[in-house]
Amino acid sequence: MTEASRTATEPRRRPKQERSRERIDAILSTTMRLIGEKGIDAVTMKEVGMLAGGPIATVYHYFPNKSAILAMLYERFSEVSRARFGAIIAEIQGLGDVTGAADRLLDDYYSRVAADPAIQDLQNAIQADKALQHLDIAETRHQSKILCDHVGPMLQAEQREAFARLVFLIFQLAGGVVRLALTQDEEEGRRTIEDYRSIIHTQLRVFL
């Protein structure tokens, strides 16, 4: 990831004052609503500024482009995901709890994305934008580390590196599996999720 690409997807400034935070919240909530209504491609910075209650210059005051808005939306989605995932992982008391926790992680992620078309569109946009793909990979590494830090001490020392690689793959592939399932009809989508669940169980048994 080049410095130029990273800069292009970062906000121009982080809010420090309450008024600025409220302004950014209005921009983000407006963008998310528009994404849900009409899709990301149809959303413009001008429209966001107008519907968020201010001139377009105010939007550009905080965000250099639409990708930077999407990046912050994804950041906030990820913050919620970490909290939810962390609560599930905290319930793991022994290796016998890992498979059940993996099921709950998959189900929780699927239900969140399936319930909100705007999140689905945001996830697709993150994958389609080369300047934003690094966010998804970095978040996968962060979330998989949370699980590995919790479960790793329960494993044999020689298993931990391979387990970490597996967890990273499971987490990263989950996004693609969920996106695929949501393009299918209800029955086929359910089978896709269950097939992936079976793969996860098989791979985890190597360590558990």
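Thr 192 touches Val 177, Leu 180, Ala 181 and Gln 184, leaving out residues up to four places away in sequence; contact here means heavy atoms within 4.5 Å. This is a predicted model, in which local features need pLDDT of at least 70, side-chain atom pairs count only at pLDDT 80 or more, and totals for chains, interfaces and linings use all residues. Residues are numbered from 1 along each chain as its sequence is written, and side-chain values use heavy atoms, with hydrogens and water left out.

**Thr 192**

- You will find Thr 192 in helix α10, residues 186–205 (helices are DSSP runs of H or I with at least four residues, numbered from the N terminus).
- Thr 192 is buried, having a relative accessible area of 15% (buried means under 20%, exposed over 50% and partly exposed in between, using a 1.4 Å probe and protein chains only).
- The side chains of Thr 192 and Gln 184 are joined by a polar contact of 2.6 Å (a pair of N or O atoms within 3.5 Å; within protein, one must be able to donate a hydrogen and the other to accept it, and residues adjacent in sequence count only if both atoms are side-chain atoms).

**Glu 139**

- Glu 139 sits in helix α8, which covers residues 133–151.
- With a relative accessibility of 6%, Glu 139 is buried.
- Setting aside neighbours within four places in sequence, Glu 139 is in contact with Tyr 74, Ser 78 and Arg 82.

**How α6 packs against α10**

- The axes of α6 and α10 are 10 Å apart, at an angle of about 150° (axes are lines fitted to C-alpha atoms, for helices over the stretch in contact, and angles run from 0 to 180 degrees between N-to-C directions).
- The two helices, α6 and α10, are therefore roughly antiparallel to each other (the term is for angles over 145 degrees).
- On the α6 side, the contact is made by Val 98, Thr 99, Ala 102, Asp 103, Leu 106, Asp 107 and Tyr 110, while α10 brings Ile 193, Tyr 196, Arg 197, Ile 200, His 201 and Leu 204.

**How α5 packs against α6**

- Helix α5 (residues 66–90) and helix α6 (residues 98–115) pack at about 150°, and their axes are 10 Å apart.
- α5 and α6 are therefore roughly antiparallel to each other.
- Among the residues making this contact are Phe 77, Val 80 and Arg 84 of α5, together with Leu 105, Asp 108 and Tyr 109 of α6.

Notes. Angles under 35 degrees count as roughly parallel, over 145 as roughly antiparallel, 65 to 115 as roughly perpendicular and the rest as oblique.
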